[in-house]
Structures are given as C-alpha cells and as structure tokens.
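Here is a model to read feature by feature.

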Amino acid sequence: MTQTGSVGSLPVWREAAAIALLMTATLKIMANATISPALPALEASFADDPGAAMLTRFLVSAPSLTVVLVAPFAGYAADRFGRMPLLLAGIVLFVASGSAGAYLPDLTSILISRLVLGVAVAMTATAQVALAGDLFHGERRSSFMGLQVAAVNFSGFLFISSAGLLAGLSPRLPFLVYLLPVFVLPLLISIARRQSVNNEAASKQEPHSQSGQQPLTHAWMIPALSVGALTMVTVMLFFIMPSQLPFYLDGAGFDSASGTAMGLGALTLTGGAAAITFQHIRERLGTALTFGAGYLLMATGFALLAYEASWGFILPGAALVGAGYGLVQPAFLLLALQVAPPERRGRVSGIVTTSIFLGQVISPLLLTPAIHEIGFPSVFLACGCTFFGLAAISAAVAIRCPVEAG
C-alpha cells in the first residue's frame, strides 16, 4: 500500500480528511446504541414471535460479536489491499445492513443484518485508524486521536436522541439513522488525494518505515498484543458503567431510566471534554503520565461509586470515570500506531479494535456473576483498585524511562 505523509497547515479539525475520518469513527457508537430506544416497541411489534424477548435484547450486542471475529482479518485486508477500498466498502455495507432493519420482515432476518453490520464496523474501524496513522504524524496525530474520542462521545447524544424521537413514531424508523454515513463518502475523496503523497515524505517522519528495515521482522507483534491486552482489560472494567449502571440504580431505589440517562450523560460529556484536551495534557505530561492521570481519575470515580449510592457520589463518580477514559482511550490508539510499522498499521488497528469490542462482550459475562456474589460496592472498589494499580505502573514507567514514556 502507498503510504501517505502528514500534510496541511490548517488545524487538524479544519481539514476535510480529518473531518471525514472523525465522522467515520462515530460509526462504532452508531452501530450499537442507535436502536436502543426502539427495543421495547420493537419487541411488542413482534409479540407473536416466541423468541422476541431474547432476540430484541441481542440486537444491540450482535454487531460486537462479529467485530471481535472479523477485525483481525479486516486489519490484514487493510494492509494487503489498501485502507481506502476497505473503508469505502465498509461504509456501503454499513449503510445497507444497518438500515435493513427498517424493512426486513422478522426478527431473525434483522438479527442477521445486525451481525453483518458488525462486519462493516470491523472494516471501517480498522481502515479508519490505519488511515489516521498514514495521514497524521507527531502532534497532529495526537490531536486527531483526542478529537476522535470526543467525536464518538458527543455523537452518541445525537444518534440516541434522534433515534428516540424516531422510535416514538415507529420502532422501525431508528434504523434509518444508519443511512447517514452516505454523506461521508464525498468527503473521503480528500483522503484518496492524500494517498498520492510521496513515500519519501512519510519515511522522513517515520524512520522505521524506511525500506529494508522491517519487511520480515515481527518485532512489532509483542508490543501490539500488549497494547491490545491492556485495552481489553480497561474496556472490560469501564464497560460496567453502560452495562450495569441501570441495575445498580434500580437496586438503590432510583428510577433507572432517568438515572441512567443522567449518569451516562455525565460520563460521556466529561469523556468528550477530556478527550478534547488530550493533546495539551500529553504535551505537558507525556504519554505514560497521561495514562496515569486517566487511570487515577477512573480509580477515584469508582471509589466514589463504591462509597455511597447517592447522587452526591454517583454523578461525580460517573463524571470522573468518563473523564479518565477520555484520556486513556486516545492514548491507546496513539500508542498502537507508534508501535506499528506503517506496513502493519492495519493489523495493529485490527488488534486494538478486537480488544475494544472483546472487552465490551466479556464485561457482563465476567462482572455480572461477581456483582451477584459480592455486590456492586465491592466490584466498584475492585475496579478502582485495579485502575489505581495501573496508574502507579504508568507513573513508574514515566520515572524509569522518561524518554520512551514521552
């Protein structure tokens, strides 16, 4: 694949290519969350189906399962056949499979379309991250990664609120939200133009990409898998918020619907705000201490949640967890691209994408039995202690290896 150089004197957020990639990044949250407001009405509309209760609940998580299986192969395809063909094909498949729920006749066929949607997410997510690595370098790449996480957080509000309004009219209408990525396709032309930039410009900014240095080596595999493992653990513990918060609030005597909206609202807003400041924080602290700061915020947030089930602790706790995750998530993406040779960015993007969605899938499987056994406060406290330990390790890395940690 032809590599591209970092180009442009405009701020990253004003570049057409960056805007297109940021919009593409939001497909990850669109895939799962958009139809959530329509689930009760969708189940009622298929009341004659004996499996309606189970199938409708599985519709939200179904794409994640396919992403876990397909993302590694999508990463290989991005390196082998090019990022742009994979991205364009993924968007077309995303639009077709995502909107299919608006007209398919039964829940089984809708479920199949949701599994296909996961294939599309795997294609777009891996190609999008690899393209970001090709197009942006140094501080511009760091800035883009923070903006990407912010875009994902804030777009969740837009998609879910739009779907909620449409679900009030018909449970099928929220599926039409999946048609929106059609408008991203024209913007991707700017990325295609960037792919004609000379290889020499990229090699000057990325020394390890020079010819002859890396075609047969697999030295990138261990760092990449390590980043993937850390990503998976972090996501698994973080995902207790969207997956378990409704049950925690219900058990504490709160209205779970409005309470969850408030808690997750605080989490996503602070996460988006923290992600916007990611580049400035990283410039001051370095990558390792930015990880440490994010993990420390998450540890404090979970400690507040464990302390008392009252709004005086729930909302600040959720806000701190969101802010911490808003710092560590772009750091993961940035670190993954740093350890990857340019010719292997697709594969590393596939590893990180798989890790993110695998963490989401296994979180309820592992943590739900623990919650039933020892209760929410103990699980929250265990999460807090784990994140505090990761913060301490990050600080130790920064002190011991200040150059590499930066």
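This is a predicted model: local features need pLDDT of at least 70, side-chain atom pairs count only at pLDDT 80 or more; totals for chains, interfaces and linings use all residues.

Q: At what angle do the axes of α1 and α6 cross, and how far apart do they come?
A: The angle is roughly 155 degrees, and the axes come within 10 Å. Here α1 covers residues 16–25. Angles over 145 degrees count as roughly antiparallel. That makes α1 roughly antiparallel to α6.

Q: Which residues of α1 and α6 meet?
A: From α1 come A17, L21, T24 and A25. They meet T124, Q128, L131, A132 and L135 of α6. Sorted by class, the contact of α1 with α6 has six nonpolar residues, three polar ones and no charged ones.

Q: How do α6 and α16 cross, and at what angle?
A: Read the angle, then the hand. Helix α6 spans residues 107–135 and helix α16 spans residues 345–374. Their axes cross at roughly 130 degrees and come within 8 Å. The pair is therefore oblique. The crossing of α6 and α16 is right-handed.

Q: Which residues make the contact between α6 and α16?
A: On α6 the list is V121, A125, T126, V129, A130, G133 and D134. On α16 it is R345, G346, S349, G350, T353 and F357. By class, the contact of α6 with α16 has five nonpolar, six polar and two charged residues.

Q: What angle does α4 make with α16?
A: About 175 degrees, with the axes of α4 and α16 7 Å apart. Helix α4 runs over residues 52–81. The two helices are therefore roughly antiparallel.

Q: Which residues of α4 and α16 form that contact?
A: Helix α4 gives S64, L65, V67, V68, A71, P72, G75, Y76, A78 and D79. Helix α16 gives R345, G346, R347, G350, T353, T354, F357, L358, Q360 and V361. The contact of α4 with α16 holds ten nonpolar, seven polar and three charged residues.

Q: Is L107 buried or exposed?
A: Buried means under 20% relative accessible area. L107 has 0% relative accessibility, so it counts as buried. This residue sits in α6.

Q: What does L107 touch beyond its sequence neighbours?
A: Leave out residues up to four places away in sequence, and L107 touches L42, F46, D49, A52, L55, T56 and L59. Take L59: L107 is 48 residues from it along the chain, and their C-alpha atoms are separated by 8.9 Å.

Q: Where is S363, and what does it touch?
A: S363 lies in α16. Its relative accessible area is 1%, so S363 is buried. Beyond four places in sequence, S363 touches M236, F239, I240, S243 and T368.

Q: Which residues of α10 are buried?
A: They are A224, V227, G228, T231, T234, V235, M236, L237 and F238. One of these, M236, is touched by S363.

Q: How far apart are A31 and G98, in sequence and in space?
A: They are 67 residues apart in sequence and 7.5 Å apart in space, C-alpha to C-alpha. A31 is in α2, residues 27–33. G98 is in α5, residues 83–99. A31 counts as buried at 1% relative accessibility, and G98 does so at 2%.

How values were computed:
Residues are numbered from 1 along each chain as its sequence is written. Side-chain values use heavy atoms; hydrogens and water are left out. Axes are lines fitted to C-alpha atoms, for helices over the stretch in contact, and angles run from 0 to 180 degrees between N-to-C directions. Helices (H or I, at least four residues) and strands (E, at least two) are DSSP runs, numbered from the N terminus. Angles under 35 degrees count as roughly parallel, over 145 as roughly antiparallel, 65 to 115 as roughly perpendicular and the rest as oblique. A crossing is left-handed if the near helix is turned anticlockwise from the far one by less than a right angle, and right-handed if clockwise. Contact means heavy atoms within 4.5 Å. Ala, Val, Leu, Ile, Met, Phe, Trp, Tyr, Cys and Pro count as nonpolar, Asp, Glu, Lys and Arg as charged, and the others, Gly among them, as polar. Buried means under 20% relative accessible area, exposed over 50%, partly exposed in between (1.4 Å probe, protein chains only).
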